[in-house]
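Welcome! Then let us walk through some of its features together.

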Amino acid sequence: MASAQSLTQCFAVKRYRFSGGFSGKSCSRVCNVIYKEKNPSFVVAKSGKVREFRLFKSVQLDQFVTSDDEDEMGESFFEAIEELERMRREPSDVLEEMNDRLSARELQLVLVYFSQEGRDSWCALEVFEWLRRENRVDKETMELMVSIMCGWLKRLIEEGNDVADVIDLLVDVDCVGLKPSFSMMEKVISLYWEMGEKENAVLFVKEVLKRGIVYSEEDDRDGHKGGPTGYLAWKMTADGNYRDSVKFVIQLRESGLKPEVYSYLIAMTAVVKELNELGKALRKLKAFTRAGLVAEFDSEDVGLIEKYQSDLLADGVQLSNWVIQEGSSTLCGVVHERLLAMYICSGRGLEAERQLWEMKLVGKEPDGDLYDIVLAICASRKETSAIARLLTRTEVSSSLSKKKSLSWLLRGYIKGGHFNDAAETVIKMLDLGLFPDYLDRAAVLHGLRKRIQQSGTVDTYLKLCKRLSDANLIESCLLYLYIKKHKLWIIRTV
């Protein structure tokens, strides 16, 4: 227990031994670093020093510390280490005095030395701050410090320290000029996630937003994860926790915090995926119902399903409003694209059609397949006006595109049970010299036959059969009709 309690120590006491601070900057709390009680003494012999130096493995630094580094460690390097460990003077004064005697590589090795387990990690921050002030932080040194920083973060998390300690470390390194990067945020969230500490991952993101920690986005190369909020929402979505992802982003925004704009888009993607999963589940349930494996939905079940779907759509609309309010105009096309996907997944034809036109208005031309999908949805609900508007684009399209669009229209009518309209669509296609697919023709004829049994009306069925026969798509057939009231059979050749 004593060892565990000593894993994180506040370096404020040591800091006050000097007259200065981090360039006069006020940090709320000095870096919480990993500091063991067992602090090996500095060995006098140079060979011993080298061996001792190379024994520490608390940070993954193999790419920075090589066997050639032993030749780089001159007497000045060990003298600097010894003087810094005594803590009798400010680190900046020690380094200033030895500036001309220390090479760039030796200064990097000083950083590595004090970053190791059992050493004064606070001193590493002081050294880095001095390097930055002296304009001696090149790309390699910055990569080294970021690697050291990530190692500290990893140890704090793996050893079960509070989220507040991790946040304090980010604040402290910011005080010495090391701006927390997106990769650091990503690493912290990933570590919590992989260890199953999802609540701590959420708490970490909340604290980053509350404290207003500014981070650099240069290493977010794909540009789609959008900072800590977006990255955690993306992790939730990638794991299939779509609803949690949506709630997480919305709750942050409604609690007065300000997530990055891209996190809203990621949450909208999660809404689309959840609606898609809901649709799949409903189709499976309907198949089970037809097979007699489960009971049919009652009115209460239908009401709950519709409410869940409506709540998801409302969340998606709210997220889209925040993107438009807080984001740039260049994101409008992406917003309408997400809304279109939401309405398609939920079978809302009129709303989906509107998003098609909205996309065109902001200069983002929808794919032709999207028009056809929306056309089918509108046909399934017999949205006559929307169907007419969407069909206008087929007037100037090629025969192949026209057949494709009318086939989607036909399937929409079939799905919605509108077989008279489906028959008219088949006839229209034949008039244009387009032959509907066999399965589509068969589905329409099957649906009309069932209607004959219910209503006794045969005109549409006969008309369609004749047109199909004229086009050599079906053989001539005999139609039998029995009128029970008169005990009369009517036989007709088509």
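## A walk through the model

Arginine 338 lies in helix α17. The model you are looking at is predicted, so please keep that in mind as you read. Is arginine 338 buried, exposed or partly exposed? With a relative accessible area of 23%, arginine 338 counts as partly exposed. If residues up to four places away in sequence are not counted, arginine 338 touches Leu265, Met268, Thr269 and Val272.

Now for the chain as a whole. It has 24 helices and four strands. Of its 494 residues, 49% are buried. Among contacts with a separation of 6 or more, 68% are between residues 24 or more positions apart.

## Two helix pairs

Two packed helices are described by the angle between their axes and the distance between the axes.

Helix α10 covers residues 163–175 and helix α11 covers residues 182–194; their axes come within 12 Å and cross at roughly 165°. That angle makes α10 roughly antiparallel to α11, because angles over 145 degrees are counted that way. The crossing in which α10 passes α11 is right-handed. Which residues meet here? From α10 come Val163, Val166 and Leu170, and from α11 come Met184, Met185, Val188 and Tyr192. Sorted by class, the contact of α10 with α11 has seven nonpolar residues, no polar ones and no charged ones.

The loop between α10 and α11 is also worth a visit, as it holds valine 176. Valine 176 has 0% relative accessibility and so counts as buried. Its C-alpha is 8.6 Å from that of tryptophan 130, although valine 176 and tryptophan 130 are 46 residues apart in sequence.

The second pair is helix α8 (residues 121–133) with helix α9 (residues 139–158), packed at an angle of about 155° with their axes 12 Å apart. This makes α8 roughly antiparallel to α9. The crossing of α8 and α9 is left-handed. On the α8 side you will find Ser121, Ala124, Leu125, Phe128 and Leu131, which meet Thr141, Met142, Met145 and Trp152 in α9. By class, the residues of the contact of α8 with α9 divide into seven nonpolar, two polar and no charged.

## Two buried serines

Where does serine 405 lie? Serine 405 is part of helix α21, which spans residues 399–416. Its relative accessible area is 3%, so serine 405 is buried. The side chains of serine 405 and aspartate 372 are joined by a polar contact of 2.7 Å. Not counting residues up to four places away in sequence, serine 405 touches Asp372, Leu375, Arg393 and Thr394.

Serine 346 sits in a loop, the one between α17 (332–345) and α18 (349–361). With a relative accessible area of 6%, serine 346 is buried. What does the side chain of serine 346 reach? It reaches the backbone oxygen of methionine 342, at 3.0 Å. Leaving aside neighbours within four places in sequence, serine 346 is in contact with Leu275, Gln309, Leu313 and Arg381.

## Two residues with positive phi

Most residues other than glycine have a negative phi, and most peptide bonds are trans. With that in mind, look at asparagine 135 in the loop between α8 and α9. Phi of asparagine 135 is positive, near 60°, and this residue is not a glycine. Lysine 382, in the loop between α19 (368–380) and α20 (384–391), is not a glycine either, and has a positive phi of about 55°.

## Accessibility side by side

To finish, here are relative accessible areas for residues from our walk.

| Residue | Relative accessible area | Class |
|---|---|---|
| Valine 176 | 0% | buried |
| Serine 405 | 3% | buried |
| Serine 346 | 6% | buried |
| Arginine 338 | 23% | partly exposed |
| Lysine 382 | 41% | partly exposed |
| Asparagine 135 | 70% | exposed |

Conventions. Residues numbered from 1 in each chain as written. Predicted model: local features only at pLDDT ≥ 70, side-chain atom pairs only at ≥ 80, totals over all residues. Heavy atoms only, no water. Axes fitted to C-alpha atoms, helices over the stretch in contact; angles between N-to-C directions. Parallel < 35°, antiparallel > 145°, perpendicular 65-115°, else oblique. Left-handed = near helix turned anticlockwise from the far one by under 90°. Contact = heavy atoms within 4.5 Å. Nonpolar A, V, L, I, M, F, W, Y, C, P; charged D, E, K, R; others polar. Buried < 20%, exposed > 50% of the residue type's maximum accessible area, 1.4 Å probe, protein only. Polar contact = N/O pair within 3.5 Å; in protein donor to acceptor, adjacent residues only side chain to side chain.
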